[in-house]
Amino acid sequence: MKKGIVVLAVVGIILLMVVFQGFERGRAAKVDTTLALYDSVQIGVVSRVLNLSLEKGVNRVPLEELAGLNAEEITIRPLNSSVEFLGLYSSQSSENLYDSNVGSNVEVKLSSGDVIEGKFLGLKNGKLIIQGENGLYAVNPEELVYFRASRLEKKGGVYASFLAERAGTYPVEVIYRVGGMSWETRYKLYLNGSTARLLGFVVIKNPTPHGFENAKVVLVSGNVNLYQSSPRELYAMGVKSGEVQPSQEPEKIEAFYTYQFGAIDIQPASTMMFPYISARIGFRREYLYESWAYDRSGPVYESVSFKTDKVLPAGVVEVYSEGSGGIILIGEGRIGHTPKGDTVRIGIGKDYDLKGTTKILSYQRGNGWARYKVQIKIENFGDENRTVIVRHYKYGGKMLSSSVQPADETGSYVEFRLNVPAGDSAEVTFEYETGW
């Protein structure tokens, strides 16, 4: 018989999903907690194994694990084939999930991919009867991917029901979402002579009243479209209390980057910072003008640049000058997700003798493509010659032509190095095409 997974979603009212999934016999039980945090949405996804002492037969177990949490989704899965998950109940209700939702509007998805919406009329001959827009549907519960309904009592908490073949202690995996949790990255760059120290920190915010001891933390970076697509980058990071572990090379799995570190303790109602990068790097002082695919005039910034030999998650970088006179904050900027081998550039202050201008000379658009012809001009009003890095963000565009040989090009941008004489100007004209 297939085992059950129940998903409980709370959005104003509690939405209930019952998901049936095959169980892999003989799977070893996990003994640790995993916590996935996202930098694009403020949620934490907790995966924890509970060792439940069950009697033979039907057992009604309170989910004290979820007390006080704003859990948006709950998934329950026995990790032993001798235990069957029967369903979720409110503590004040003895009805099963189907009985408690008779007469309510439901949405079910079948393993075939079909989605049925309508009024749930109840069970008949072991099948779910749904009054849809085009008639009655009789649905086999074993074909369900999920059963989403609008009625579940919240009063008094939530209980889970299990059927055990024999008495014993059994591992059960509980996965749930916690609203308000998040993570971000902070960097500190200390300049000293021709080298710099780069320190990277993960900042974890846990506003909930629950802590997570010895949790394996998974940090997910990217624009997460929940229920539809996977995040772009994945980082699994952890630092034991009081220790700084050296960064490891990421392992790429499909579209994910994963780092394997030690476990951490996350305190309740806290904001905690964990170091995860410490490196000595070389850097260059340059002048930087940033450009996008629209007309604009803007300042040129004095910048610090370095090539990274590690994947860097997006975050804020504080830049300090470190010398005999002490440590002075000289600038702060934000970097995007930076792949290994890319160049990081951080503007630290405007240079009022330099001005940049971007002009879109032509723009064409077709079915799934756009073509830009761009002119960028740098003016030098000072009395010293300057070399300026021009970075234009083309976001996947393919270069077609250029009046100046690019100094660097990635999937996101193209860079040119312009030598601008004192009291004069320099420019570059180029064309590129983007597709979607």
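Student: Which residues form one aromatic cluster?

Tutor: Happy to look at that with you, and keep in mind that this is a predicted model. The aromatic cluster is made up of Trp292, Tyr294, Tyr393, Tyr395 and Tyr413.

Student: Is Trp292 buried or partly exposed?

Tutor: Buried would require a relative accessible area under 20%. Trp292 has 25% relative accessibility, so Trp292 counts as partly exposed.

Student: How are the rings of Tyr190 and Tyr320 arranged, stacked or edge-to-face?

Tutor: Good one to reason through: planes under 30 degrees apart count as stacked, and over 60 as edge-to-face. The structure holds 10 aromatic pairs. For Tyr190 and Tyr320, the centres are 5.0 Å apart and the planes are at 15 degrees, so the pair is stacked.

Student: How many residues apart in sequence are the parts that Tyr190 and Tyr320 tie together?

Tutor: Tyr190 is buried at 12% relative accessible area, and Tyr320 is buried at 14%. Tyr190 sits in strand β15 and Tyr320 in strand β25, so the pair ties together parts whose separation in sequence is 130 residues.

Student: How far apart in space are Ile360 and Arg296, C-alpha to C-alpha?

Tutor: Ile360 is placed in strand β27, and its contacts include Trp292 and Tyr294. Ile360 and Arg296 are 64 residues apart in sequence, while their C-alpha to C-alpha distance is 9.2 Å.

Notes
Residues are numbered from 1 along each chain as its sequence is written. This is a predicted model: local features need pLDDT of at least 70, side-chain atom pairs count only at pLDDT 80 or more; totals for chains, interfaces and linings use all residues. Side-chain values use heavy atoms; hydrogens and water are left out. Helices (H or I, at least four residues) and strands (E, at least two) are DSSP runs, numbered from the N terminus. Contact means heavy atoms within 4.5 Å. Rings of Phe, Tyr and Trp (its six-membered ring) pair if their centres lie within 6.5 Å; planes under 30 degrees apart count as stacked, over 60 as edge-to-face and the rest as tilted. Buried means under 20% relative accessible area, exposed over 50%, partly exposed in between (1.4 Å probe, protein chains only). Lists of a residue's contacts leave out its neighbours within four places in sequence.
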